[in-house]
Amino acid sequence: MNDVWSERADAYRTSTTHMRGDDLEALVVMCEPAEGAKALDVATGGGHVARRLREEGCEVVTIDSSPGMQPDVLSRAEDLPFADGSFDVVVCRIAAHHFADVGKAIEEIARVSNRLVVIEDTLYLSEQQEEAEKLRDPSHVRSYDEDEWKDLLVGAGLEVEQVEFFEKVHPLADWLARTGCEGEEAARVTELLRPQLVDGGNAWRDTKILLKARKSQS
């Protein structure tokens with residue numbers, strides 16, 4: 001089976017919507033970075049969260065299931081190979097919609113944190129957008145709405161402290177090319193996203209949800 005994520009690694013490392021943005025900066029603040037704080041970046045992808053947290057003085061371990069992403073540790077989010085409470089903060093940015101068992105992944109993320117969990121992902125909007133996402137990238141499993149995310153975090157023993165939303169605009173051609181979506185499939189994806197197209201149809205927008213949760217002390 002081809003490792004599609006290794007094939008896409010360079011595209012995600014250079015993706016401007018992943019490299020920077022108000023959402024990334026807000027996520028870093030939510031992580032409460034400090035000199036020497038231990039952080040785990042789950043499904044690190046292009047490594048943009050890890051880079052920013054290291055710039056803030058954190059000691060960061062990156063983990064990803066794809067060798068091409070060059071993580072420190074190779075593992076799925078559902079099977080984190082760390083002891084309970086190993087990290088001050090565990091963070092996962094724009095990746096959870098790919099997890100086969102998101103509930104198990106959040107339980108694992110909560111288990112290895114001793115203080116904070118910070119999650120960012122695409123907010124569920126409609127079945128039409130879900131169809132477009134899956135057609136463009138078959139590894140897409142599902143996006144979740146705010147209530148679903150809160151239930152997942154609370155169910156894992158976390159207390160949700162903060163929720164923010166960020167609109168992101170994606171250049172359409174670059175977004176399609178990142179997963180090799182072209183031809184009739186690309187045309188169908190574009191049609192499905194018509195309600196969200198901007199910039200004369202050259203880009204589309206979605207909403208990211210950003211949640212900060214704290215390990216329950218009770």
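This is a predicted model: local features need pLDDT of at least 70, side-chain atom pairs count only at pLDDT 80 or more; totals for chains, interfaces and linings use all residues.
**Ground rules.** I number residues from 1 along each chain as its sequence is written, and I use heavy atoms for side-chain values, leaving out hydrogens and water.

**Overall.** I looked up the secondary structure and found 9 helices and 8 strands, taken as DSSP runs (helices H or I, at least four residues; strands E, at least two) numbered from the N terminus. The C-alpha trace spans about 50 × 35 × 30 Å along its principal axes. Of the 218 residues, 50% count as buried, where buried means under 20% relative accessible area, exposed over 50%, and partly exposed in between (1.4 Å probe, protein chains only). For contacts (heavy atoms within 4.5 Å) with a separation of 6 or more, I noted that residues 24 or more positions apart account for 71%.

**Cores.** I next searched for nonpolar cores, meaning sets of buried Ala, Val, Leu, Ile, Met, Phe, Trp, Tyr and Cys residues joined through side-chain atoms within 4.5 Å. The largest has 31 residues, and Leu-40, Val-42, Phe-99, Ile-109 and Trp-149 have the most contacts inside it. At least two residues each come from β1 (38–42), β4 (87–93), α5 (102–112), β5 (113–122), α7 (146–155) and β8 (203–215), with α5 giving the largest share, 6 residues. A second, separate core of 19 residues includes Met-30, Ala-37, Val-118 and Leu-210. Setting aside residues up to four places away in sequence, I found Trp-149 touching Ala-96, Val-102, Ile-106, Ile-119, Asp-121, Tyr-144, Ile-209 and Leu-211.

**Helix α9.** In α9 (residues 183–192) I listed Ala-186, Val-189 and Leu-192 as buried. These residues lie on the same side of α9 because they cover an arc of only 125° around the axis, the arc being that of the directions from the helix axis to the C-beta atoms. The buried residues of α9 pack against α6 (127–136) and α8 (172–177), whereas the face turned away from the buried side carries exposed Gly-183 and Glu-184.

**Cys-58.** I located Cys-58 in the loop between α4 (48–55) and β2 (59–64), and Cys-58 counts as buried because its relative accessibility is 7%. Leaving aside neighbours within four places in sequence, Cys-58 is in contact with Pro-33, Ala-34, Ala-37 and Leu-53. I also checked Cys-31, 27 residues from Cys-58 along the chain, and the C-alpha atoms of the two are separated by 9.9 Å.
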